[in-house]
Every structure is written in structure tokens, then in C-alpha cells.
Amino acid sequence: MSGDINKDVLLSIEDLAISFDTEDGEVRAVNGVSFEVRAGEVFAVVGESGSGKSVTAMSILGLLPAPPARIRGGRIMWGTENLLDATDHRMREVRGGEIAMIFQDPLTALNPVHTIGRQIGEMVRLHRGMSQQAAKQHAIEMLGLVGIPQPAQRVDMYPHEFSGGMRQRAMIAMAIACRPRLLIADEPTTALDVTVQAQVLEVLIGIKDEIDSAIMLITHDLGVVAGIADRVMVMYAGRPVETGTVDQVFDRSSHPYTIGLMDSVPAVDGEQGELRPIGGQPPSMLRLPAGCSFHPRCRFMHLASDCQSVVPSLDQVEPGHFAACHYSTEVSLTRTAERA
Amino acid sequence: MSWDRPPPPQDLLVATDVVKEFDVRAGVLQRVTGHVQAVSNINLTVHSGETLGIVGESGCGKSTLGRVLMNLLPATSGSVRFEGREIAGLRERDMRPIRARLQIVFQDPYASLNPRMCIGEIVGEPFLVHRGMNAAAARPEIARLMETVGLSPEHTSRYPHEFSGGQRQRIGIARALALDPSMLILDEPVSALDVSIQAGIVNLLMELQRERSLSYLFIAHDLSVVRHIAHRVGVMYLGKLVEIGPKEQIFSAPRHPYTRALLSAVPVPDPTRERARRRIVLVGDVPSPIDPPSGCRFRTRCWKATEVCATHEPVLVGDESGHAFACHHPEPA
Amino acid sequence: MTSPTNAADSLLEVAAPSRSLRSDAWRRFRTNKLAMFGLFLVVLLMLIGIFGPYLVQDPQAQERLLFKTGPDATHWFGTDQVGRDVFARVVHGIRLSLFIGFLVTLLETTVGIALGAIAGWYGGWTDGVIMRIVDVLLALPYVLIAFALAAVFGYGVLPVVVTLVITSWLTTARVVRAGFLQAKVFDYVEAARAIGVPTRRIIVRHMLPNIIQPVLVLIAVGIGGAVLAESALSFLGVGVQEPTASLGLMIARSRSFFADAPGLLFFPGAAIVITVLGFLLIGDGLRDALDVRGDV
């Protein structure tokens with residue numbers, strides 16, 4: 001995928017394919033995902049349940065349980081090394097030290113029997129070899145960075161003494177303690193109230209600039225993406241269906257699924273008009289439709305024979321903007337006409 | 001499709017000074033140490049054929065309110081009149097015939113259907129309980145209901161786990177519609193569904209409202225959905241109703257600072273419009289409902305708070321258009 | 001009336017065939033080798049217990065001058081210290097153990113479900129009283145209770161059955177109560193109340209079927225436990241008395257002859273072990289098979 005070659009590419013996923021071996025058969029969760037995350041940007045991965053977005057994110061840090069998960073193919077390039085080939089020792093260095101991850105539910109990600117300060121400090125003691133004292137100071141500094149008031153007192157408190165939004169910030173503090181180059185955020189605000197979500201998103205953006213890292217944001221919320229992302233990749237049934245800058249993908253959507261998403265989401269400023277749900281059901285990951293996985297639900301061109309037999313590849317729509325649809329030009333023209 | 005004309009008012013559900021308290025227990029013997037007012041002096045009205053949206057964040061008491069209005073939870077005090085009858089405090093035996101007229105749809109499509117009952121039995125249970133009709137007798141009714149919500153009647157012998165989330169929610173709606181109620185309480189009916197499925201359920205609900213003149217109390221935290229479906233909207237914070245009024249006024253010209261902050265915090269799925277918005281970011285977290293702030297409960301996070309906000313609790317005051325708000329320093333109209 | 005998109009929604013996934021939760025559980029159980037082995041053992045033992053006594057020699061018949069002989073063609077397990085056929089006695093002993101095991105479990109499950117349901121559903125004071133009774137009884141060792149009852153009613157099957165019922169219903173009640181406490185707040189129970197379903201139907205049709213799973217496991221394990229406990233009580237002399245054939249009693253009597261007739265200890269002992277093992281394996285298998293999330 002060529003693009004803006006000015007920025008450094010930090011992470012490059014090439015043709016990643018992951019399956020889960022279950023009682024009912026092989027679940028093909030990820031089927032050929034390729035994308036890049038560049039330094040300093042916010043890259044959003046958008047999809048609904050079953051799209052494979054979380055599985056992709058977890059595989060980067062090797063967090064998938066190895067049976068039942070199985071990497072069928074592809075490479076995860078972090079700089080010049082393929083993380084899929086990395087030793088356990090190397091992965092432990094990478095996790096937290098170079099790539100950090102924050103999760104949806106801070107309650108389960110934070111250890112309830114250790115203080116926040118200790119958990120944050122653990123990161124720098126392990127990765128940077130800091131002393132206990134220095135680590136505590138660093139933890140206080142990190143808590144301040146994420147906007148937690150009175151960090152010197154809070155550093156000795158336990159997770160359950162924090163509120164939901166604070167816990168999420170504490171988790172962010174833990175993640176950035178070693179100044180990772182890439183921060184992966186898996187649905188970081190889904191479980192939060194909307195006013196708290198606004199706070200946490202603000203923290204994330206501020207942090208990104210402060211420590212000069214990139215953010216890979218996994219979410220299903222199009223509003224969040226529109227607000228903070230630079231580039232976005234839409235996933236469906238384990239494959240990317242559209243990628244590009246946020247303006248390109250939102251304003252000139254060229255894939256029927258993306259269009260379906262945009263048309264089915266109401267907007268709080270009332271500019272939406274009629275809601276148009278996407279017909280049918282999400283596909284069973286045990287038995288994906290042949291050809292384009294979306295064709296049974298596509299309202300544009302589903303009668304076309306190649307949609308039913310040939311898997312579309314990501315083709316360029318305009319520089320930096322790609323869509324996996326045999327008829328993306330026709331689709332986007334129809335869309336423009338509809339909105340006029 | 002958005003709602004422009006408010007339907008003719010006829011007070012279907014009237015809540016007056018409704019309060020719901022829970023006991024706080026602590027210690028080895030679980031003694032009662034205090035009370036939490038989950039719902040605090042709520043006054044509202046739902047008119048026939050309209051949707052009243054109730055929004056608020058977690059802990060504001062909206063779900064509790066829904067259950068109290070249905071008499072699933074007994075109110076601590078206050079009055080709830082439905083179709084002219086007082087229902088707060090009614091015994092279950094007397095409440096039963098009213099249940100046919102006032103039904104509820106739950107949030108979680110996975111938990112609201114008994115996994116050991118087939119769909120026909122689930123949708124047919126209201127007929128069994130209220131009209132003594134067994135499965136065979138109710139079959140044509142059940143088939144009709146399934147079709148109404150967009151499901152095939154052939155699937156009545158299947159079990160909930162064989163259906164998707166969106167389909168289960170439709171089954172829940174079919175069950176609620178069985179006895180032809182005049183009002184539905186919907187407690188976050190689409191929050192647990194994927195975004196593209198939500199639209200289908202919302203459209204179904206709106207279609208049903210048109211066809212049957214149903215009234216809805218639509219409880220949600222997702223303001224975007226509420227804007228789409230509601231005629232009037234009420235905003236709750238820590239058990240209190242801080243603002244209520246016609247939808248357009250609430251969304252375009254909110255008077256209460258919390259409403260304004262809430263609206264500005266909701267992201268819009270359009271980068272151009274999103275960039276143009278000014279966001280108010282509140283400071284601090286929601287206080288604990290066990291020990292709410294004195295006076296105005298929102299003052300600890302409000303950028304306009306003054307001394308009077310701590311000493312005097314603001315009262316809900318309305319104008320002729322039905323727009324009411326409780327604030328000492330309301331936003332300009 | 002319904003829009004085209006709704007019609008598409010009505011199409012179910014043809015991929016997954018209609019499968020009830022019960023057949024899912026059975027399939028899981030079937031593929032568990034240990035569980036199936038346990039099932040095989042139990043079925044075998046039940047056949048032995050039901051039909052065996054008609055096919056073997058008289059367990060009370062004493063062959064003079066043939067004391068403590070080893071296994072041979074006529075006496076497959078040999079004879080005991082008074083010349084009785086050990087094989088026949090073991091078979092009768094199995095029948096007795098199974099009978100007591102099933103009877104005790106049937107009674108204690110009924111009492112346990114009833115009291116557990118009452119405690120869980122009504123809560124409050126009722127719950128407190130019942131649970132305190134459970135706590136007190138749990139603290140008493142069953143052997144003491146057995147002896148106390150035997151002192152009143154005399155030895156035999158009665159004190160054994162009563163003791164075991166008194167001590168076993170406690171766990172069942174706790175499990176059922178916990179199930180009720182959990183299920184009370186399930187949405188579908190609330191939904192049933194919202195429809196106006198009467199309490200009795202809510203408990204029977206909505207709550208019990210969803211609580212029954214751990215109880216099934218308890219039943220399987222309970223039968224095994226009752227067999228073991230009965231053997232222990234008989235061993236201690238509280239249970240059935242001579243000349244009735246009881247596995248525990250046989251073991252007790254054989255202790256002094258272990259050196260020259262180990263079979264007198266081994267055969268009844270093995271019978272007890274195999275019986276208990278069979279039920280425990282079924283119980284484990286049930287637990288694994290039933291531990292289902294209905295969804296992914």
C-alpha cells in the first residue's frame with residue numbers, strides 16, 4: 001500500500017490471516033489484512049462485532065491464545081523485524097516498552113491488589129531498570145500527564161478507589177510509562193459515559209503529541225473516528241473493505257458497507273435524515289459467503305456475478321484511498337446522486 | 001424520518017413527585033446505614049402517541065425510573081397515573097390487568113429471553129397468562145406478531161440462542177406487543193446491538209408507533225438515537241430531572257449547562273461537522289449518588305456554579321412551550 | 001407492512017442446524033471419554049444390582065468346612081470366614097448400596113430444592129433462618145448424627161438413610177438458593193413479572209429449568225457420595241447388621257483376616273471404589289458438558 005511517503009512507517013501488517021479452531025469448525029477471523037501505521041498519526045480500525053478488528057490488534061502483541069488461535073499467514077513488521085518470528089524474550093521487550101495496549105475494561109486490566117503507582121512503576125522498573133524510588137516519581141509524573149488531579153496522593157491508591165474515567169486514564173498512564181512509539185487502544189471509551197469519553201479522548205490526543213507516539217484506535221463508534229482519527233480502515237468479515245484519510249472515507253465513501261454504516265447511524269446534530277439499516281445479518285465466520293463477503297447484503301450491485309465469485313482486492317479510488325469493491329466507482333457515483 | 005409535529009396531548013402516563021430510595025447496607029450484619037435516592041422527585045407526563053426520551057449517564061437513575069413507572073419496582077413515594085388510574089403501590093393482583101396495557105422492552109437481547117423456552121412459548125406467554133390461551137389457541141396471534149416485527153412464523157419452535165441480537169430484540173418487542181398495549185417502556189433497547197442493526201430496530205419502533213398510536217418512554221444514553229426517535233426529551237442527572245421539553249428545543253437550544261455539555265460531548269460521524277464543533281469538557285467525575293452535592297447536584301462539575309447553587313436546589317421551571325429546566329444560571333435561550 | 005430489509009432479517013442462518021441446548025450438552029458428554037466410561041460403569045453396576053441377586057448363589061448359605069477359600073470355579077470370589085460365597089455377597093451389597101444411594105439422593109434433592117427455592121425466592125428473614133439451620137447442620141459430623149439416631153431407632157438401614165438425608169440436603173439447598181438469587185435478577189425473570197406471570201409459574205417455568213444444571217451434577221456426585229458414606233457407616237457398625245450383605249460391613253469384618261484372605265477386603269472394597277468412581281466421573285462429565293455459554 002503506497003501512500004504518503006513523507007512519514008515513517010512504524011508498523012506494517014502484510015496479508016495477515018488468523019483462524020480459530022473451535023468445536024464447530026474453523027472460524028476465519030482475519031482474512032488477509034494489510035495496513036500501515038505511521039509515526040505520530042491516529043489510525044482507526046472500524047468494524048462491528050465479528051469484523052476481526054480486535055483479533056488483529058491482539059495479534060500484534062502476540063496476545064492471542066495460541067491454540068485455539070492460529071496464524072495462517074502474513075507478517076507483522078515492526079520496523080525491520082517480523083514480530084511473528086520474534087522470541088518470547090523479544091516480545092516481552094516490545095510489550096510495554098515499544099508497543100503498549102489499553103483495553104476496554106480498565107477494571108479487568110488493572111490488578112486490584114496492587115496500587116496504581118506500583119503497577120505503573122513496574123513498567124519502568126522492568127523495561128528501563130529504574131529503581132523503586134525513581135519509578136514512583138515517574139509514576140506520579142505519568143499520572144499528572146493524563147490529567148489525574150493530586151497525583152502524588154493518588155499514586156498510592158488502589159484501582160477500585162478510582163472512578164471509571166480515572167481508571168481508564170490510569171491505564172493510559174501505565175501504557176505510556178515507557179514512551180512507546182505505538183499505542184494500541186482497543187475500544188478504550190466504549191464502556192464510558194459520553195462526557196467521560198470526551199475527557200479520555202482529549203487525554204489520548206494530548207498524550208500522543210506529548211510523547212510523540214502513534215495511536216492505533218480500534219472502535220465501532222464512527223463519531224469517535226470522525227473526531228480524532230487521521231486515517232481509517234473499515235473492516236468487514238475479517239477483511240479491510242475501505243481505507244483512506246478520514247475525510248476521504250467519510251465524505252467519499254466508496255464501499256457499500258461503509259455507505260451502509262454511514263446511512264444507518266443517527267447524528268446528534270440532527271443532520272442525518274432517514275435511517276437506512278443494512279439488510280440481512282452479519283455473516284457466520286464459519287462459512288463466509290463466496291466472493292465478496294458483503295455481497296448478500298449489498299444494496300448496490302449484488303446481482304453482478306463477479307461479486308458472488310471473486311474476492312475484490314483493495315483498489316485505489318484516489319491517492320491514498322482504497323476500496324475493496326468491483327464497482328466502487330459506480331457505487332460512489334450512485335451515492336453522490338442519492339445525497340444530492 | 002424525523003418527527004416535526006407533536007401529536008395531540010392526552011396524558012397517558014403522569015408521574016408526580018416520584019421518589020425511589022434504596023437502602024445502603026454495610027458491616028457484617030448488613031445493617032442499614034443510609035439511603036440512596038436513585039430517583040428524586042421526578043415529575044413528567046407522557047402523551048398519547050408520542051415518544052418521550054429520557055437521557056442521562058450512568059447512575060442518573062433513568063433505568064430505575066423506568067421500572068418504577070411500570071411498578072416493577074415499588075416507588076418509595078409519589079404518584080404514577082396510567083390511563084387515569086393510580087398504579088403506584090398497587091398490589092400485583094390488581095396490577096396484572098394493567099400490565100396488558102403497559103409493557104417493557106429490555107436492553108440485553110441475550111438476557112431478556114428465557115434460553116429454555118422456544119420463541120412460540122415466549123411470545124405466547126402473555127396470551128397464556130392473561131387470556132388462558134395455550135400455544136395452539138394462540139398460534140395465529142403469535143404468527144401475526146412475528147410478522148409484525150419482521151420475523152418468519154416458521155421459526156416459532158426455535159430457541160433464542162439460534163437467533164442474532166437484532167432478531168432477539170424483535171422477539172422481545174413482539175412479546176411486549178402481544179396484548180396490544182397503549183404504551184411501551186423501552187430501556188436502552190438498541191444499546192447492546194451493532195450499529196447497523198440498531199437502525200432496523202429504530203425504524204421498526206417508529207413504524208409501529210405510527211400504525212398503532214403507541215406511546216414510548218425511550219430510555220437511552222445515546223443522544224443521537226434519541227434525537228431521531230423522540231418528540232420530547234428529558235435529561236436526568238443523579239436522580240433529578242434537570243431539563244425537559246420538545247426535542248428541537250432541547251437539542252438546538254438547551255438551557256441547562258449539563259444538557260449543553262452532554263450534547264457537545266457526543267461525537268458526530270462526520271469529520272467536517274465534527275471539526276467545526278466546540279466541545280465543552282466537564283471537569284471531574286460524577287459524584288456518588290449516596291452522598292450527592294447539596295443544592296444543585298450538578299454544581300461540582302458546572303463551570304457556572306456560584307454560592308447560591310450550593311445552598312438552594314433549583315426547581316424545574318417551565319415556559320409555555322413545555323420546555324422546563326432547573327438551574328440558577330441557565331444558558332441563554 | 002414490513003419493509004424489505006425486515007424480510008431479509010427474517011432469514012436465519014441456514015448454516016447452523018437447529019440444536020437445542022440439551023443435545024449440545026449430550027454431544028459434549030458423549031465425546032468425553034472419562035465421562036462415558038463412568039456411564040458404562042454405572043450402567044453395568046445397575047444391571048448387576050437389579051438382576052445380579054437373582055442369578056447368584058444364596059449370600060447367606062454357609063458351606064461348612066470351606067472357610068476363607070480363594071477364588072475358584074464355584075465361588076468366583078472365594079468364601080468368607082463363615083463359608084458364604086463372597087461374589088454373591090458383593091452383588092447383594094452392590095444392590096443395597098445403590099438402593100440406599102438413590103433413595104437418599106432422591107429424598108435429599110427434594111428437600112434441598114424445596115428449601116433452597118424458598119430461601120432464595122423470599123429472601124430476608126426466611127432466608128436467614130433456613131441458612132442458619134444449614135450452617136449449624138453442616139458443622140455436625142454425620143457419624144455422630146448416625147450414632148445418635150441409631151441409639152434411638154436401633155441399627156439398620158433407617159438411621160443410615162435418615163442421617164445421610166439430613167446431611168446431604170444442605171449442599172443442594174445452598175446451590176439452589178444461590179441459583180435463585182442469581183436468577184431473580186435475570187432480565188427474563190423481570191420480563192415475566194412485567195407480563196404479569198404468577199409467581200408459581202415464574203419459579204417453575206422460568207427459574208428452575210435454568211438452575212437445575214448444577215443440581216444435576218450434585219445428584220450424580222451425591223449418589224456416589226451416599227454410597228461411600230453408607231459404606232463408612234456400615235463399616236463403623238451403625239448400618240445394616242449381620243447377616244445382611246453390605247459392602248462396608250464386609251470390609252469391617254474382614255480386617256482381622258487380611259493376611260490369609262485378602263480377597264475378603266479386596267473384592268468389596270473394589271466394588272465400593274468402582275461404584276463411587278463411576279458416579280464421580282459422570283458428575284464431572286456433566287459439569288463439563290453443562291458448563292455452556294449459550295452464545296459466543
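## Terms and model

Helices (H or I, at least four residues) and strands (E, at least two) are DSSP runs, numbered from the N terminus. This is a predicted model, in which local features need pLDDT of at least 70, side-chain atom pairs count only at pLDDT 80 or more, and totals for chains, interfaces and linings use all residues. Residues are numbered from 1 along each chain as its sequence is written, while chains are lettered from A and ligands numbered from 1 in the order in which they are written.

## Backbone exceptions

Most residues other than glycine have a negative phi, and most peptide bonds are trans. A:P67 and A:P68 are joined by a cis peptide bond, with omega about 5°. A:P68 sits in the loop between α1 (53–60) and β4 (69–78) of chain A.

A:D15 has a positive phi, near 55°, and is not a glycine. Strand β1 (residues 9–22) of chain A holds A:D15. A residue is buried if 20 or more other C-beta atoms, placed from the backbone, lie within 10 Å of its own, exposed if 12 or fewer, and partly exposed in between. A:D15 counts as exposed because it has 12 C-beta neighbours inside 10 Å. B:E83 also has a positive phi, near 50°. B:E83 lies in the loop between β4 (77–82) and β5 (85–86) of chain B. With 16 other C-beta atoms within 10 Å, B:E83 is partly exposed.

## Domains of chain A

Chain A is divided into domain 1 (3–229) and domain 2 (235–339); such bounds come from an automatic or database domain assignment. The C-alpha centres of the two domains lie 28 Å apart. Contact means that the C-beta atoms of two residues, placed from the backbone, lie within 7 Å. By that rule, 24 residues of domain 1 of chain A are in contact with 16 residues of domain 2.

On the domain 1 side, β2 (25–38), β3 (42–46) and α9 (222–228) of chain A each give two or more residues. β2(A) gives the most, with 9 residues. The residues of this side divide into 11 nonpolar, 8 polar and 5 charged. Here Ala, Val, Leu, Ile, Met, Phe, Trp, Tyr, Cys and Pro count as nonpolar, Asp, Glu, Lys and Arg as charged, and the others, Gly among them, as polar.

## Chain B against chain A

The contact takes 35 residues from chain B and 39 residues from chain A. On the chain B side, the elements that give two or more residues are α6 (195–212), α7 (223–229), α9 (257–265) and α10 (271–276). α6(B) gives the most, with 7 residues. This side divides into 19 nonpolar, 8 polar and 8 charged residues.

## Chain C

Chain C has 11 helices and 0 strands. Of its 296 residues, 41% count as buried.

Helix α4 (residues 86–122) and helix α7 (residues 157–184) of chain C pack at an angle of about 35°, with their axes 6 Å apart. Axes are lines fitted to C-alpha atoms, for helices over the stretch in contact, and angles run from 0 to 180 degrees between N-to-C directions. The residues of this helix contact divide into 21 nonpolar, 7 polar and 3 charged.

## Nonpolar core

A nonpolar core is a set of buried Ala, Val, Leu, Ile, Met, Phe, Trp, Tyr and Cys residues joined through C-beta atoms within 7 Å. The largest has 272 residues; those with the most contacts inside it are A:I172, A:A173, A:M216, B:L217 and B:F218. α4(C) gives the most to this core, with 14 residues. Domain 1 (3–229) and domain 2 (235–339) of chain A both give residues to this core, so the core lies between them.
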